[in-house]
Each structure stands twice: as structure tokens, then as C-alpha cells.
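Open the model in your viewer and keep the selection tool ready. We will go stop by stop.

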Amino acid sequence: MAARKIIIDTDPGQDDAVAILLALASPEELDVLALTAVAGNVPLDLTAKNARVICELANKVDVPVYAGCDRPIGRDLVTAEHVHGKTGLDGPDLPDPTMPLRDEHAVDYIIDTLRSEASGTITLCPLGPLTNIATALQRAPDIAERVQQIVLMGGAYFEVGNITPAAEFNIYVDPEAADIVFKSGIDIVVMPLDVTHKALVTKPRNDAFRALGTPTGIAVAQMTDFFERFDKEKYGSEGAPLHDPCVTAYLIDPDLFTGRHINVEIETQSPLTRGMTVADWWRVTDRPPNATFIGDLDADGFFALLTERLARL
Ligand code: BDR
Ligand code: CA
């Protein structure tokens with residue numbers, strides 16, 4: 001089967017970095033057309049830089065990187081340096097990129113690519129706030145029916161929130177954008193905190209990355225070393241949750257994951273619960289299903305896949 005064409009929309013972020021590395025290491029399954037950067041974990045200039053740092057770490061300097069929106073639709077940007085560090089990629093000491101950023105705006109790239117490639121052949125993989133994707137849908141509503149699928153990291157139901165008591169970071173930062181995406185009619189698969197909090201980098205799993213002995217394996221171990229201090233303090237968990245790699249792992253091996261096709265609505269109004277993903281997990285309404293909401297994964301299988309793929313870079 002031909003590799004699936006994907007555009008990774010991202011705000012790196014250590015866990016974004018691992019998600020991107022997993023995709024770049026899997027050319028039989030995934031054809032990474034481009035990375036599109038968005039403001040999120042850190043401001044846009046840093047996410048656009050970090051996306052190129054990761055391509056260079058993977059020796060994939062031909063992957064085009066585009067910069068997109070520098071702030072949410074109609075709100076001020078909220079960032080997460082308290083989790084990811086000042087650079088967004090704190091942990092390893094990686095060189096500044098030499099590969100250029102493309103001139104075209106990421107939103108224009110997304111629209112142009114969806115219009116020029118065969119309909120139903122491009123999957124979008126948002127790993128940050130949904131600003132670029134929603135802006136593209138607003139400007140060019142015709143592209144919605146041309147998207148094969150959106151597989152995104154965002155939201156929570158049982159785990160509720162990580163940036164507020166009610167909301168997960170990616171959805172909280174730009175709830176209006178999330179609302180547009182969830183109402184788009186596109187086939188959506190969601191990786192909420194409910195599943196990503198089960199993808200924990202325990203010490204043996206991190207040792208396995210480091211033991212690869214490659215620049216990529218060592219950098220990933222250093223990234224998760226940095227990233228885990230936050231979650232260990234906050235949740236008392238065994239290690240860092242690899243949120244965003246759930247998206248690219250799903251595209252490589254969906255059988256690692258289970259979920260439900262349900263209705264998911266985004267709270268945009270309430271100051272108390274802004275950005276909440278109101279997921280009808282128990283199907284207590286007759287609102288129509290609009291997303292496959294993932295709840296569980298085979299964590300050992302996930303880490304075996306990830307380690308085996310990182311070894312290829
Ligand atoms: C999400 O927010 C970011 O901090 C991570 O990169 C991930 O995409 C988790 O809530
Ligand atoms: Ca992210």
C-alpha cells in the first residue's frame with residue numbers, strides 16, 4: 001500500500017518532536033509532505049525554528065517547513081514554557097537549523113495542497129492549537145470535503161484538564177479554532193489526555209531510547225528527561241506522557257488504540273470551562289457523532305514501535 005500523505009501541524013514541544021521523528025522514521029507508512037508551525041507551546045518564531053531543528057536531527061532536510069498563525073483566532077496567545085522550557089525544546093543541546101523556512105504562509109500551503117492533490121488523499125495531523133487548520137477551513141470551506149482525515153492531539157474527558165481544571169492545553173489556547181474543526185464534518189480522530197496519560201515514558205522506556213546510542217535516541221531521552229519533571233511533580237506519575245506521538249503512532253498502527261465514535265463539542269463561552277471538550281462518551285444525548293475519541297492504548301506495543309522506528313534514524 002502506498003504511504004499515506006500527511007501534513008503535520010505542530011508547535012514543538014518535546015512531545016511534538018518525538019511525534020515528528022516517529023513519522024519521519026516511517027516512510028513505508030507515512031509520506032510527510034510538510035510541517036506547518038503554529039504558535040502554542042512557545043511563540044511562532046520558536047516553533048518554526050524547532051520544527052527545522054527536528055528535521056535536521058533526523059537528517060530529513062528536504063521536508064518543507066512553513067510558518068503559520070502567530071496567535072489564536074480572536075484571543076491572546078497562551079504559551080507553556082513552564083512545561084517545555086524557554087526554547088520549547090529544552091533538554092538536548094541541538095544546533096540552530098540551517099535549512100530555510102519556506103516563504104509561503106502555512107495556511108496558504110494547506111489550502112493549496114488540499115486543492116491540488118487528489119481529493120481524499122491528505123491527512124492532517126494537528127499537534128498544537130488548531131489555529132492554522134481552522135483558518136484554512138474559514139478561508140477555503142471547499143477544502144473540508146477534500147481532507148481524508150484529521151488525527152489530532154487535544155482535549156480530555158475522564159482526565160478533564162491540564163491547563164485549567166476543565167481544559168486541555170491545545171483546545172484551551174484556541175477554542176474557537178477547535179469549534180470550527182469539530183463542526184467541519186471532516187472525519188476526526190482525537191487523542192485526548194485520557195489516552196496520552198497512558199503513554200508514559202517510564203525509566204526503562206527512556207533507557208531504551210538512550211541505549212540506541214544514536215544522536216536521535218540520545219536527544220529523545222534528554223527531551224523526555226526534561227519534560228518529565230513537570231508531570232512527575234504534577235501527577236506523581238512515573239514519567240512524561242508522550243501526548244503527540246499518539247497521533248503518528250495511530251497512523252502507523254491503529255490497532256494499538258481503542259476508542260468510541262461519539263459527539264464532541266467545544267466550550268467557547270464559559271470563563272470557567274473555556275476549551276473543555278464536552279465528549280458524549282456515555283452517549284447520553286442524541287447529538288450526532290463527529291469524532292472517534294480514543295480512550296486506551298497498548299502502551300508496551302506503542303513504545304516498542306517508537307523505539308524500533310527511532311533506531312532507524
Ligand atoms: C499538548 O499540549 C502541549 O503542551 C503538548 O505538546 C501537547 O500537544 C498536551 O496537552
Ligand atoms: Ca504539541
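Predicted model: local features only at pLDDT ≥ 70, side-chain atom pairs only at ≥ 80, totals over all residues.

Start by selecting isoleucine 110, which lies in helix α4, residues 106-116. Helices here are DSSP runs of H or I with at least four residues, strands are runs of E with at least two, and both are numbered from the N terminus. Isoleucine 110 counts as buried because its relative accessibility is 1%. Buried means under 20% relative accessible area, exposed means over 50%, and partly exposed is in between, with a 1.4 Å probe and protein chains only.

Residues are numbered from 1 along each chain as its sequence is written, chains are lettered from A and ligands numbered from 1 in the order in which they are written, and side-chain values use heavy atoms, with hydrogens and water left out.

**Next stop: ligand 1**

Select ligand 1 and show its surroundings. Which residues surround ligand 1? They are Asp15, Asp16, Asn41, His84, Leu127, Met153, Asn162, Glu168, Phe169, Asn170, His243 and Asp244. A residue counts as near if one of its heavy atoms lies within 4 Å. This shell divides into 3 nonpolar, 5 polar and 4 charged residues. Ala, Val, Leu, Ile, Met, Phe, Trp, Tyr, Cys and Pro count as nonpolar, Asp, Glu, Lys and Arg as charged, and the others, Gly among them, as polar. Color helices α1 (14-24) and α6 (169-173): each supplies at least two residues of the shell.

Zoom in on the oxygen atoms of ligand 1. A polar side-chain atom of aspartate 244 lies 2.7 Å from one oxygen atom of the ligand. For asparagine 162, a polar side-chain atom lies 2.9 Å from a ligand oxygen. For aspartate 16, the distance is 3.0 Å. The protein buries 97% of the 280 Å² that ligand 1 exposes when taken alone. Those areas come from the Shrake-Rupley method with a 1.4 Å probe.

**Histidine 84**

Stay with the shell and pick histidine 84, in helix α3, residues 81-84. Is histidine 84 buried or exposed? Histidine 84 counts as buried because its relative accessibility is 5%. Its side chain makes a polar contact with the side chain of glutamine 14, at 2.7 Å. A polar contact is a pair of N or O atoms within 3.5 Å; within protein, one must be able to donate a hydrogen and the other to accept it, and residues adjacent in sequence count only if both atoms are side-chain atoms.

**Helix α11**

Select residues 245-252, helix α11. How many of its residues are buried? The count is 8 of the 8, so helix α11 is largely enclosed by the rest of the structure. Among them are Pro245, Tyr250 and Ile252.

**Backbone stops**

Go to proline 12. The peptide bond from proline 12 to glycine 13 is cis, with omega near -10°. Glycine 13 is found in the loop between β1 (4-10) and α1.

Jump to valine 160, in the loop between β5 (147-153) and α6. Valine 160 has a positive phi of about 60°, although it is not a glycine. At 30% relative accessibility, valine 160 counts as partly exposed.

Finish at arginine 283, in the loop between β11 (277-279) and β12 (291-297). Its phi is positive too, about 50°, and arginine 283 is not a glycine. At 52% relative accessibility, arginine 283 counts as exposed.
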